[in-house]
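I begin with a pair of helices, then turn to the cores, and end with a pair of residues.

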Amino acid sequence: MSEWLVLAIAMVLVCALVFAFTVLRHRRAADDEDTSETPDVIEYMTMMVGVVYAIVLGLAIAGVWEARGAAEDTVRREAQALYEVSQRADVYPAAVRDRIRGEVHAYVAHTVGVDWPRMADGESPTARGAELLGTLRSDVTHQSPATELQAQAYQPLLDQIATADDARHSRTQSSEATLPGVVWFGLLTGGVVTIGLIFTLQIRRSGRELLLAGLFTALIVFLLFMVWSFDAPYGRDGIDSAAPFQDLFPALGLALEK
């Protein structure tokens, strides 16, 4: 199920619940109930709760946004380092060059084809990626430079592999959700309380009031959905966040399509 379908269903259900509760409350209201006035203390409490919840929600959005940005930078750094290894291996003889590039492509294919779907499902990446990267590091390390050009490329190759390894560790350690459960409890509870305050203001069934209540509810649901979507640094559906690998290794995309 796509994220947009989840958002649409959530918005429709919550808005329908608010409308149904409003209509039910209006029908059960006493004939002599005065809906024209609201105690000042309720208006003050409503304003304060709304402001506090807006601050907490804004901090949550900023936190998951920053985590998503850091994850994207990590992926670009890992993909670029591996691309540099495959390109700088050109100074070696054809057999060595093809072997190094084959190991790079094997690691990238495993990362995108196996590890990424696992991360999208909330699972930890496999240990196979570390083994493939270790094989690449060992192969380059034990390849003695035979020419001056190879000697100049030797250390930069090792540095790029170290960069890729560091980026991989950062990626595997940040693949879980950003926000802890207690924060989600606060966000959901605060959303229910904030929406519930609509009824303390004695909302009636006029078209304008129902429209404003629906828009307010839809906004709260959308913001919570945004937090939920960005709470997975590498996405919740598909391998879109692996785009740097697919851009730098176009042959990988063809292999995945097959």
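The model is predicted, so I kept to local features with pLDDT of at least 70 and to side-chain atom pairs at pLDDT 80 or more, while totals for chains, interfaces and linings use all residues. Residues are numbered from 1 along each chain as its sequence is written, and side-chain values use heavy atoms, with hydrogens and water left out.

**Entry 1: α4 and α5.** I looked up which residues of the two helices meet, and found Gly129, Ala130, Leu133, Leu136, Arg137, Val140 and Thr141 of α4 against Tyr154, Leu157, Leu158, Ile161, Ala162, Ala164, Asp165 and Arg168 of α5. I sorted the residues of this contact into 10 nonpolar, two polar and three charged, counting Ala, Val, Leu, Ile, Met, Phe, Trp, Tyr, Cys and Pro as nonpolar, Asp, Glu, Lys and Arg as charged, and the others, Gly among them, as polar. The axes of α4 and α5 come within 10 Å and cross at roughly 170°, where axes are lines fitted to C-alpha atoms over the stretch in contact and angles run from 0 to 180 degrees between N-to-C directions. That makes α4 roughly antiparallel to α5, the term for angles over 145 degrees.

**Entry 2: the cores.** By a nonpolar core I mean buried Ala, Val, Leu, Ile, Met, Phe, Trp, Tyr and Cys residues joined through side-chain atoms within 4.5 Å, buried being under 20% relative accessible area, exposed over 50% and partly exposed in between, with a 1.4 Å probe and protein chains only. The largest core has 29 residues, of which Leu82, Ile100, Val108, Leu136 and Phe245 touch the most other members. Helices α2 (40-88), α3 (94-120), α4 (128-141) and α5 (148-173) each supply at least two of its residues, and the largest share, eight residues, comes from α3. I also noted a second, separate core of 17 residues, which includes Ile61, Val64, Leu179 and Ile195.

**Entry 3: Ser86 and Arg101.** Leaving aside neighbours within four places in sequence, I found Ser86 in contact with Arg101, Val104 and Phe249, and Arg101 with Ser86, Gln87 and Asp90.

Methods
Helices (H or I, at least four residues) and strands (E, at least two) are DSSP runs, numbered from the N terminus. Angles under 35 degrees count as roughly parallel, over 145 as roughly antiparallel, 65 to 115 as roughly perpendicular and the rest as oblique. Contact means heavy atoms within 4.5 Å.
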